[in-house]
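Trainee: I have a sequence and a model, and I would like to learn how to read them. Could we go through some features one at a time?

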Amino acid sequence: VVKRYTILRTVFRQGEDGNYLQCVLSDAPLEWCEHNWSAQRAGEYLHALSEWQARDRNVGFAIHLGPLMRLNLFRRAETDYDLVWTIHHAIIDGWGSASLLSEVVNIYRTLVAGEKPTEEKGFQYRTFVEWQMAQPDGKEWWDQYLTDLQEAQSLEGAVGRTSIPEAGIQVITQMLEEELGQRIEEASRRFGVTVATLFQAAWALTIARFGNADVVKMGVTSSGREIPLEGIMTAPGLFVNTLPLVVSTRPMQLVRTWLADIQQKMLGLQDHSATSLGDLQRWTGLSGNALFDSLFVFENYPLNKDIFDKKNNGGLTIADVEGVEGSHYPLSLGVVTGKWPTITWRYNREFFFSRSVMTIMKYLADLLKNISEVSENDVVGMLTVPSQKSVVYPLTYLFEPIIGRIDARAMERPDAVAV
């Protein structure tokens with residue numbers, strides 16, 4: 001696959017004007033390393049692997065030299081292995097990595113069958129770059145779309161920044177109930193919108209309620225695969241783009257109209273996904289987290305379930321595929337639907353107090369339940385949840401005396417009015 005796709009042989013080098021240029025190498029070595037850890041007990045192995053992965057994520061890449069991906073194969077038992085594939089996000093996104101994994105498995109099947117894989121060239125990233133460069137900047141459309149951006153409420157503005165910053169990134173996986181997942185799917189059909197739209201609406205309303213605001217902003221991702229280029233749906237490369245979604249949460253809007261409006265805005269963003277975030281920052285005068293400080297990702301990567309079929313894999317069993325992605329935003333949430341929908345929360349403890357995030361998590365889940373139950377004639381203002389005073393925290397938080405909790409809250413928000 002490295003020979004098939006130029007994007008996998010890509011490096012980035014700085015030009016005379018200071019901008020980075022994408023350079024394709026004629027040949028790139030595959031960085032492959034094997035580790036035999038089969039002597040370790042199961043618990044020790046998993047702990048050691050987790051620590052190794054954390055160190056590996058901090059190693060980074062020399063983007064001017066390459067290669068911008070590496071593979072490490074760990075032997076955990078006599079016939080069991082873990083393959084860790086580390087990729088720089090500049091050359092491939094989550095969608096592309098899922099497609100590429102399916103292609104690698106197909107090549108493996110061909111080799112096991114004693115046949116020679118074809119050397120046909122697939123979709124090349126250069127085609128996308130040429131298409132992107134030919135697109136108009138869309139500034140006129142963006143100027144109209146971003147009218148309310150300056151005044152829109154952000155997450156940090158709604159929740160407040162912790163006064164007791166801590167170092168490090170915290171990752172929490174929240175699993176929703178199976179019944180709630182079914183209700184959300186039923187509601188999406190009833191309102192004629194996607195499941196992603198319901199989650200985006202709930203997140204927008206969460207920010208609005210915590211910040212007492214009528215208009216909010218968040219970052220959302222567009223896969224970039226809607227572009228009319230043959231072969232792009234399965235091509236490796238970085239096509240995803242992150243753009244601001246501005247949502248009105250005014251209480252007298254009909255829920256069905258509100259949801260349809262959010263979905264229509266997402267379609268508009270997809271039509272203008274060729275616009276770079278850098279251009280938006282320059283046009284608005286907002287840089288960094290001022291544009292938005294929370295990122296919503298709806299993960300619908302097209303991982304071919306056929307790769308788990310042992311019969312087709314020549315006896316090779318692929319037990320599971322897991323992915324870990326980084327983000328520089330203060331908080332990001334990644335939604336994966338299924339029998340039990342899950343939300344992976346990743347937040348910077350320098351910005352947000354852990355207990356505040358736990359409150360937000362509970363609030364969002366309650367809002368999703370409420371949205372899934374309302375009728376088409378209800379208005380946004382009717383989407384309510386129980387008082388935050390009734391929030392039940394996970395059992396991992398031990399009992400704390402009320403005085404200590406009040407003191408901690410006062411330290412976190414010294415500027416808040418005492419009631």
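Predicted model: local features only at pLDDT ≥ 70, side-chain atom pairs only at ≥ 80, totals over all residues.

Trainee: Let us start with sheets. What holds the strands of a sheet together?

Mentor: Strands of a sheet pair through backbone hydrogen bonds, and the pairing is either parallel or antiparallel. Here, six strands make an open sheet with mixed pairing, in the order E6-E11-E10-E9-E7-E8.

Trainee: Which strands stand at the edges of that sheet?

Mentor: The edge strands are E6 (169-175) and E8 (241-248). Each has a single partner strand, so one side of each lacks a neighbour in the sheet. On average, neighbouring strands are turned by 25 degrees against each other, direction ignored.

Trainee: How many bridges join E7 to E8, and do they run parallel or antiparallel?

Mentor: There are eight bridges between E7 and E8, and the two strands run antiparallel.

Trainee: At what angle do H6 and H10 pack?

Mentor: H6 (residues 178-191) and H10 (residues 354-373) pack at about 45 degrees, and their axes are 8 Å apart. That angle makes H6 oblique to H10. The crossing of H6 past H10 is left-handed.

Trainee: Which residues make the contact?

Mentor: From H6 they are Leu180, Arg183, Ile184, Ala187, Arg190 and Phe191, and from H10 they are Ala365, Leu368, Lys369, Ile371, Ser372 and Glu373. Sorted by class, the contact of H6 with H10 has seven nonpolar residues, one polar and four charged.

Trainee: What does a hairpin look like in this model?

Mentor: Take E1 (residues 10-14) and E2 (residues 20-24), which run antiparallel and are joined by five bridges. Glutamine 14 stands opposite tyrosine 20 in E2. Five residues lie between the strands of this hairpin, and glycine 18 has a positive phi near 95 degrees.

Trainee: Where is a positive phi found in a residue other than glycine?

Mentor: Asparagine 212 has one, with phi near 50 degrees. This residue sits in the loop between H7 (195-211) and E7 (215-222).

Trainee: Is asparagine 212 buried or exposed?

Mentor: The relative accessible area of asparagine 212 is 73%, so this residue is exposed, the cut-off being over 50%.

Trainee: And isoleucine 91, buried or exposed?

Mentor: Isoleucine 91 counts as buried, because its relative accessibility is 1%, and buried means under 20%. Isoleucine 91 belongs to the loop between E5 (81-87) and H2 (94-112). Leaving out residues up to four places away in sequence, isoleucine 91 touches Ile7, Leu8, Thr10, Phe12, Leu68, Gly237 and Leu238.

Trainee: Which residues does a cis peptide bond join?

Mentor: The cis bond joins glycine 66 and proline 67, with omega about -10 degrees. Proline 67 is in the loop between H1 (42-59) and E4 (69-75).

Terms used
Residues numbered from 1 in each chain as written. Heavy atoms only, no water. Helix = DSSP H or I, 4+ residues; strand = E, 2+ residues; numbered from the N terminus. Buried < 20%, exposed > 50% of the residue type's maximum accessible area, 1.4 Å probe, protein only. Axes fitted to C-alpha atoms, helices over the stretch in contact; angles between N-to-C directions. Parallel < 35°, antiparallel > 145°, perpendicular 65-115°, else oblique. Left-handed = near helix turned anticlockwise from the far one by under 90°. Contact = heavy atoms within 4.5 Å. Nonpolar A, V, L, I, M, F, W, Y, C, P; charged D, E, K, R; others polar. Pairing = 2+ DSSP bridges.
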